[in-house]
Amino acid sequence: MLTRYLVLLYLKYFSLIFIALVFFFVGLDYIQNAKSLPNSANLQILYVVYKSFYAIDVLLPIATIFGMLATKIYLIRSNELVAIYSIGYDKKSVIKPFFWASFFIITLFMALHTTSFAYANENADNIRKHSLSASSTSNLFFKYFDYYIYFKRLYPFQKKAEDVGIFKLDNGKLKELIKARSAYFEDNRWKIKKADLVENRYNGEKKIRIYKNKNIDLLEGFKPKILDSVYEGKTSFSIIDAFYAIKLLKEQDVNIQKIKAVLFAQMIYPFFAPFLMVIIFYFVPITQRLSSITFFSFTAIISSLIVWGLLFTLVRLSFAAVLAPEITTLVPIAILALIALLFYKKF
């Protein structure tokens, strides 16, 4: 009964604080960028929706901590915390519901990054800059094993490329040349229809063969969004696309540090919140008579914001490839987890 009561109370305060933060974030962003947005009401609504998703991405971890603080302040002011301890419960019994509720919320939040939710901010920026929810990438040139591929224009969300040129080399010699007006990503591979194929063969003598209107399948697993994000230097990846990109690029000895940084930011960074929650809870006073609730609240909020801001900055540094993601994400979260464990044993 205590666990259910604390979890429901925590979810109530968390929801209120979380919704308020998201509205504040989106409202402030809209005021700043209103002049840059298209006149279309539909696109403006889409922009607000996408920015709301981005606000969720940024604010949810810190909102879980603020929700715990608000719940604790309520329990202290109503003297319910003293009553809970007086009937035999200890600090470990009280912190567990908050920790696991926060852990569960962040796990659900992490699962959202397996969907197009991960591209919300990019979509919002496309609306603001191009008056479209999905933009295109021009003059994309990249290497795939022995193939050198050129897309004059790539539409990642439509899974389409225009004016395709593909060159295949064998020991430094041109072996194949493929030209096509368009290509489509279907069945986990790029399908090039009605392509012109020129083959160079070196079997004793040089022979050239030309094929017209040939259908060709290439680049298995190379999703359009992976191409767009990797070769344009973007940091927008869903978790699934990030794993695909790491697998594909590792086989080609391409640097995958930025993709790992994005993956760590989505799967590891948000879990600083439950660990920081345990640390803060260690200093929570039992009653108003023992210390100033106002001073404790102010100190806890400022400390939470400092830790959150520092970790957020480190993650951004890893996106820019300034520091390795293991240093910016794994090490700080591991240190927080260790400190939280030490405090938990002292309860």
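Q: Before the numbers, what counts as a pocket here?
A: A pocket is an open set of grid points where a 1.4 Å probe fits, with protein on both sides within 12 Å along at least five of seven lines. The model is a predicted one.

Q: OK. What volume does the largest pocket have?
A: About 430 Å³.

Q: Which residues are closest to its centre?
A: Tyr54, Asp57, Thr235, Arg316 and Phe319. The lining of this largest pocket has 23 residues.

Q: Which elements give two or more residues to that lining?
A: Four helices are named: α2 (41–77), α5 (120–130), α8 (257–267) and α10 (293–319).

Q: And how do the lining residues divide into nonpolar, polar and charged?
A: The largest pocket has 15 nonpolar, five polar and three charged lining residues.

Q: Now the second largest pocket. How much space lies in it?
A: About 250 Å³. Its lining has 13 residues, and Tyr119, Lys159, Lys223, Lys225 and Asp241 are the closest to its centre.

Q: How does that lining divide?
A: Five nonpolar, four polar and four charged residues line the second largest pocket.

Q: Let's stay on Asp241. Where is its place?
A: Asp241 sits in helix α7, which covers residues 239–250.

Q: Why does Asp241 count as buried?
A: Because its relative accessibility is 8%, and buried means under 20%.

Q: What is Asp241 in contact with, leaving aside its neighbours within four places in sequence?
A: Tyr119, Lys223, Lys225 and Ile226. Tyr119, Lys223 and Lys225 are also among the residues named as closest to the centre of the second largest pocket.

Q: How far apart are Asp241 and Ile149 in space?
A: 20 Å, C-alpha to C-alpha. In sequence, Asp241 and Ile149 are 92 residues apart.

Q: Buried or exposed?
A: Ala265 counts as buried, because its relative accessibility is 12%.

Q: Which residues is Ala265 in contact with, sequence neighbours within four places aside?
A: Pro270, Val315 and Phe319. Phe319 is also one of the residues closest to the centre of the largest pocket.

Q: And how far is Ala265 from Ile19?
A: Their C-alpha atoms are 23 Å apart in space. In sequence the two are 246 residues apart.

Q: On to packing. Which residues touch the most other members in the largest nonpolar core?
A: Phe98, Phe151, Trp190, Ile192, Leu219, Phe222 and Phe272. The core has 98 residues.

Q: Which element gives the most to this core?
A: Helix α2, with 15 residues.

Q: Take Phe98. What is it in contact with beyond four places in sequence?
A: Phe98 is in contact with Leu6, Tyr10, Met68, Thr71, Lys72, Leu75 and Met277.

Q: What about the second, separate core?
A: That one has seven residues, including Leu37, Leu43, Tyr50 and Ala120.

Q: Zooming out, how many helices and strands are there?
A: 11 helices and six strands.

Q: What is the radius of gyration?
A: The protein chain has 26 Å, while a compact globule of 347 residues would be near 20 Å. Along its principal axes, the C-alpha trace spans about 95 × 50 × 35 Å.

Q: What share of the chain is buried?
A: Buried residues are 46% of the 347.

Q: And what share of contacts join residues at least 24 apart?
A: 62%, taken among contacts between residues at least 6 apart in sequence.

Terms used. Residues numbered from 1 in each chain as written. Predicted model: local features only at pLDDT ≥ 70, side-chain atom pairs only at ≥ 80, totals over all residues. Heavy atoms only, no water. 1 Å grid on protein atoms, 1.4 Å probe; cavity = no way out; pocket = protein on both sides within 12 Å on 5 of 7 lines; lining within 4 Å. Points joined across faces, edges and corners; volume = space filled by probe spheres on them. Nonpolar A, V, L, I, M, F, W, Y, C, P; charged D, E, K, R; others polar. Core = buried A, V, L, I, M, F, W, Y, C linked by side-chain atoms within 4.5 Å. Buried < 20%, exposed > 50% of the residue type's maximum accessible area, 1.4 Å probe, protein only. Contact = heavy atoms within 4.5 Å. Rg over C-alpha atoms; globule rule 2.2 N^0.38 Å.
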